[in-house]
Amino acid sequence: DRKYKDFEVTLEINPDFEKGTVIRTDPPANELRKQGTVVNLVISGGPDQVAVPNVIGQTQENATQLLEGEPFNFVVTVEMEPSVTVPAGSVIGTTPAVNELVDKGSAITLIVSSGVEKRTVPPVVGKSQAEAIALIEGNDLQAVVEFVPVAQGGPQDGKVVSVTPAAGTEVDINSVVKIKVGQGVPPPTTSTSTTTTSTTTTTI
């Protein structure tokens, strides 16, 4: 059904009426109703057309069986699309949309959820903190930095020493990636003490 301001349209398969013509109205013609009452127009879809059924929320397998079976006989193509609200493998929608009139046996696209979109953790060990954050956030992930002590001036000073989850791991989009960055610590200082011994000589 298609709703407009003061009326809605219902499409009906009827071989006795030419496609696009009005079969009847509800309320019927000449019946008195209050101003603003919604009138339902029942429109003929012709003898060889069917309305696309609502398969939203069904599994891909069940929806495909329905669309390919009688009375539709559609040629179904599946298109995967990520979704944070529709479980993977369930139908998000169809093209043409639900209730649209189409020819029997025509092509229809079934849009199926692939689940939450994934991203791959980039390799950032050995990179500077700024480089690592740019790579992680550029991959639609969130970077969290933890500093760990390393030798000042050493090869790990200011560089990423580890990443969690590991590089190459697939995670949900916007997931947190923790990196540990070396922070140089000066070597400890040592102090030496000198003991002075004095000798006293007595002459008789």
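Modeller: Let us begin with a side chain: that of serine 83 reaches the backbone nitrogen of threonine 85 at 3.2 Å. This is a predicted model, in which local features need pLDDT of at least 70 and side-chain atom pairs count only at pLDDT 80 or more, while totals for chains, interfaces and linings use all residues. Residues are numbered from 1 along each chain as its sequence is written, and side-chain values use heavy atoms, with hydrogens and water left out.

Colleague: How is a polar contact defined, and which backbone nitrogen lies 3.0 Å from a polar atom of the side chain of serine 83?

Modeller: A polar contact is a pair of N or O atoms within 3.5 Å; within protein, one must be able to donate a hydrogen and the other to accept it, and residues adjacent in sequence count only if both atoms are side-chain atoms. For serine 83, the nitrogen at 3.0 Å is that of valine 86.

Colleague: Where is serine 83 placed, and is serine 83 buried or exposed?

Modeller: Strands (E, at least two residues) are DSSP runs numbered from the N terminus, as are helices (H or I, at least four). Serine 83 is in the loop between β6 (75-81) and β7 (91-95). Buried means under 20% relative accessible area, exposed over 50%, and partly exposed in between, with a 1.4 Å probe and protein chains only. Serine 83 counts as buried because its relative accessibility is 12%.

Colleague: Which residues does serine 83 touch, not counting those up to four places away in sequence?

Modeller: Contact means heavy atoms within 4.5 Å. On that basis serine 83 touches Ile92, Ser113, Gly115 and Val116.

Colleague: What can be said of arginine 119?

Modeller: Arginine 119 is found in strand β10 (residues 118-120) and is buried, because its relative accessible area is 19%. Its side chain is joined to that of glutamate 117 by a polar contact of 3.0 Å. Beyond four places in sequence, arginine 119 touches residues including Asn139, Asp140 and Glu170.

Colleague: How many aromatic pairs does the structure hold?

Modeller: There is one aromatic pair. Phenylalanine 72 and phenylalanine 74 form this pair, which is stacked, at 5.5 Å centre to centre and 25° between the planes. Rings of Phe, Tyr and Trp (its six-membered ring) pair if their centres lie within 6.5 Å; planes under 30 degrees apart count as stacked, over 60 as edge-to-face and the rest as tilted. Both phenylalanine 72 and phenylalanine 74 are buried.
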